[in-house]
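Subject: Structure for your review

Dear colleague,

Please find below the structure that I am handing over to you. My notes on what was found in it follow directly after.

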Amino acid sequence: FIIPCLYHWIGRPDLTGERVRDIVAKNFNDGFEGLPGNDDSGSMSCWLQFHMIGLYPFAGQDLYLIHAPIVPGAVFHLENGDFKIVAEGLSKKNRFIRSAELNGKPYPYSALRHKDIVNGGNLVLKMGPRPSDWGRELLPAVL
């Protein structure tokens, strides 16, 4: 499940986004065979849902890896307030994250901590037609 996200460790979350788009396009659809393999208590559908919104939880850590989403936005309704993800300008052409803001401040990292989500807030991903230098670092002093 984590293999498409390994590009984060070489500073290329743009490649994670491209790989995920390819996997989704080739393996998921609304037909009879539209979910690859056994859903195994929801793990395949969770994989799809997380990747569609541009986040993926890194098992055993408090990290969510950020990559280009496939949908323009999502909202988590949480106890401490909503956490919103917005992909500004997302289109077939604009499928790369050019920059990001977390709660109105520039956010250069390609991962979030769990606390950043559960406290509520906004993650705005500004999309463009080419990869940028955004997200070359996971987080300061991570892994």
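H67 sits in the loop between β2 (63–66) and β3. The model is a predicted one, and the remarks below should be read accordingly. With a relative accessible area of 0%, H67 is buried, because buried means under 20%. Leaving aside neighbours within four places in sequence, H67 is in contact with H8, P13, T16, G17, V20, H51, G54, L55, I97 and L125. Two of these deserve a further word. The side chain of H67 makes a polar contact with the side chain of H51, at 2.7 Å. L55 lies twelve residues from H67 along the chain, and the C-alpha atoms of the two are separated by 6.3 Å.

H51 leads on to helix α2 (residues 43–53), whose buried residues are M44, W47, L48, H51 and I53. The buried residues of α2 pack against helix α1 and against the strands β1 (55–58), β3 (73–76) and β4 (83–88). Just after α2 comes G54, which takes a positive phi of about 90°; G54 is also among the contacts of H67.

D14 is buried, with a relative accessible area of 13%. Its side chain makes a polar contact with the side chain of R12, at 2.7 Å. Beyond the neighbours within four places in sequence, D14 is in contact with F96, P131 and R136.

As to the chain as a whole, there are three helices and eight strands. From the N terminus on, the elements run α-α-β-β-β-β-β-β-β-α-β. The radius of gyration is 15 Å, which agrees with the value near 15 Å that a compact globule of 143 residues would have. Along its principal axes, the C-alpha trace spans about 45 × 35 × 30 Å.

Of the 143 residues, 39% count as buried. Among contacts with a separation of 6 or more, 65% are between residues 24 or more positions apart. The accessible surface comes to about 8000 Å², and carbon and sulfur atoms account for 54% of that area.

With kind regards

How values were computed: Residues are numbered from 1 along each chain as its sequence is written. This is a predicted model: local features need pLDDT of at least 70, side-chain atom pairs count only at pLDDT 80 or more; totals for chains, interfaces and linings use all residues. Side-chain values use heavy atoms; hydrogens and water are left out. Buried means under 20% relative accessible area, exposed over 50%, partly exposed in between (1.4 Å probe, protein chains only). A polar contact is a pair of N or O atoms within 3.5 Å; within protein, one must be able to donate a hydrogen and the other to accept it, and residues adjacent in sequence count only if both atoms are side-chain atoms. Contact means heavy atoms within 4.5 Å. Helices (H or I, at least four residues) and strands (E, at least two) are DSSP runs, numbered from the N terminus. The radius of gyration is taken over C-alpha atoms; the globule rule is 2.2 Å times the number of residues to the power 0.38. Accessible areas come from the Shrake-Rupley method with a 1.4 Å probe; for residues, only the protein chains shown count as cover.
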